[in-house]
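Q: Could you show me how to read a few features of this structure, giving the general idea each time and then the case at hand?

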Amino acid sequence: MADYRTINAASLTEVVRAIVKAGGSTDREAELVSTNLVEANLKGHDSHGVGMIPRYIESVKEGGLTLNGHVSVVMDAGVMLTLDGNQGYGQVMGYEAMELAAERAKRNGVCVMGLSNAHHIGRIGHWAEQCIGHGLVSIHFVNVISRPIVAPWGGGDGRHGTNPFCVGIPRPGKDPIVLDFATSKIAQGKTRVAHNKGVELAPGTIIDSEGKPTTNPRYTVVPPYGAILPFGEHKGSGMALICELLGGALSGGVTAKGPADGRRQVINGMFSILVDPNKMGTGENLAKEMEGYVAWHIGSPPAPGVDHVQIAGEPERAWKKQRLAEGVPVDPTTWEEIIAAGAKVGLEKAAIEKIAA
Ligand code: NAD
């Protein structure tokens, strides 16, 4: 990481906040976007961190991202909530959607929510963590409308996005469980990082533009495009299909169709189920059984080369501890792209460098 620069989280947040604000957003919008992106970096998911800002600004400029929008309520039956994200910043739409759904889940014990048509909502674990803050279990199925980059199992080209799935479970007095992953073998951002570094991908990760296995990451970054393979073979592919149908259709949104039109817009649809374990009458049982089971689960003897068995959410907490102490590493390509994004909204490089310093 020789030419990476390390920026402390607070300064990096200020950089993103300044760019988003200069792009025309209110203070509140700039706050929600900047804290969400830097939190993804802190949690170790650079693919969903500040490196997204250049794409967001391009999307604003193209008219694919509406500034200072809010979710609109399409249907509200208390336990069922259907929302439209109006192509607004996903960090705002996700936050507003979760607050509305959480209020209903606290009141009724459950809320089944569909959010359609939001611009990129980033790291889905962020929304599970918001629900955990309200004491709620949550399950999220998400689809992605952008260039289809993941092949179905047995297929030879991209037919959908990296369609993430996420579950959050609060643990009273303990760190929560947050399972949050893309249903592709690896995240698209990770193939871009490999391409920028000039390194090969592991065999069995992607296919080339003729549907043949390759380890060259170029096929996911520059045309002619290949595709990323689904995780978990036919099972992961089936899960991606379910994310597409629940996140993209049951939510009230749209599913992936045909090749992308080259625009920088990324639209997410999300179908979420929020449950209050106490209203279900099983909160105490969940807490007791969970602690017993987690202890048994992580008590498995570590495999060779493994320090200890972890639970979902633990690696992200370790990253956050380390990066809060040491700062967030930003690769030179990403930093140049952030500077260029600032220039597009009238922020001088010197001003950005000053904030980062
Ligand atoms: P990943 O492969 O790093 O998997 C992360 C999950 O696995 C986390 O729950 C983590 O706690 C758990 N995990 C990791 N190592 C573990 C270990 N050793 N033991 C136990 N659990 C472990 O994640 P990914 O697939 O690269 O996804 C990265 C992020 O990208 C996610 O936050 C996802 O929501 C996001 N994403 C967003 C979109 C979108 O369109 N908004 C699309 C795809 C992915």
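Q: In which strand does Asn-143 lie, and is Asn-143 buried or exposed?

A: Strands are DSSP runs of E of at least two residues, helices are runs of H or I of at least four, and both are numbered from the N terminus. Asn-143 lies in strand S5, which covers residues 137–145, and Asn-143 is buried, with a relative accessible area of 1%. Buried stands for under 20% relative accessible area, exposed for over 50%, and partly exposed for what falls in between, using a 1.4 Å probe and protein chains only. This is a predicted model, in which local features need pLDDT of at least 70 and side-chain atom pairs count only at pLDDT 80 or more, while totals for chains, interfaces and linings use all residues. Residues are numbered from 1 along each chain as its sequence is written, and side-chain values use heavy atoms, with hydrogens and water left out.

Q: Which strands pair with S5, and in what sense?

A: Strands of a sheet pair through backbone hydrogen bonds, either parallel or antiparallel. Here two strands count as paired if DSSP finds at least two bridges between them. S5 pairs in the antiparallel sense with strand S11 (residues 267–275) over 9 bridges, and His-140 stands opposite Ser-272 in S11. S5 also pairs in the antiparallel sense with strand S6 (residues 165–171), over 4 bridges, where Phe-141 stands opposite Phe-165.

Q: What is the strand order in the open sheet of 3 strands?

A: The order is S9-S8-S10, with antiparallel pairing. Strand S9 (213–214) and strand S10 (227–228) stand at the edges with a single partner strand each, so one side of each is left without a neighbour in the sheet. Strand S8 (residues 206–207) is joined to S9 by 2 bridges, and Ile-207 has Pro-213 in S9 as its bridge partner.

Q: Which residues come nearest to the ligand, and which element supplies the largest share of the shell?

A: A residue is near a molecule if one of its heavy atoms lies within 4 Å of it. There are 22 residues around the ligand, of which Asp-180, Ala-182, Lys-190, Gly-313 and Glu-316 come nearest. Strand S7 (174–181) and helix H9 (314–326) each supply at least two residues of the shell, and the largest share, 4 residues, comes from S7.

Q: Where is His-48 placed, and what does His-48 touch?

A: His-48 sits in the loop between helix H2 (27–42) and helix H3 (53–62), and is partly exposed, with a relative accessible area of 23%. Not counting residues up to four places away in sequence, His-48 touches Leu-37, Ala-40, His-120, Gly-122 and Arg-123. The side chain of His-48 also makes a polar contact with the side chain of Ser-47, at 3.0 Å.

Note on methods: Contact = heavy atoms within 4.5 Å. Polar contact = N/O pair within 3.5 Å; in protein donor to acceptor, adjacent residues only side chain to side chain.
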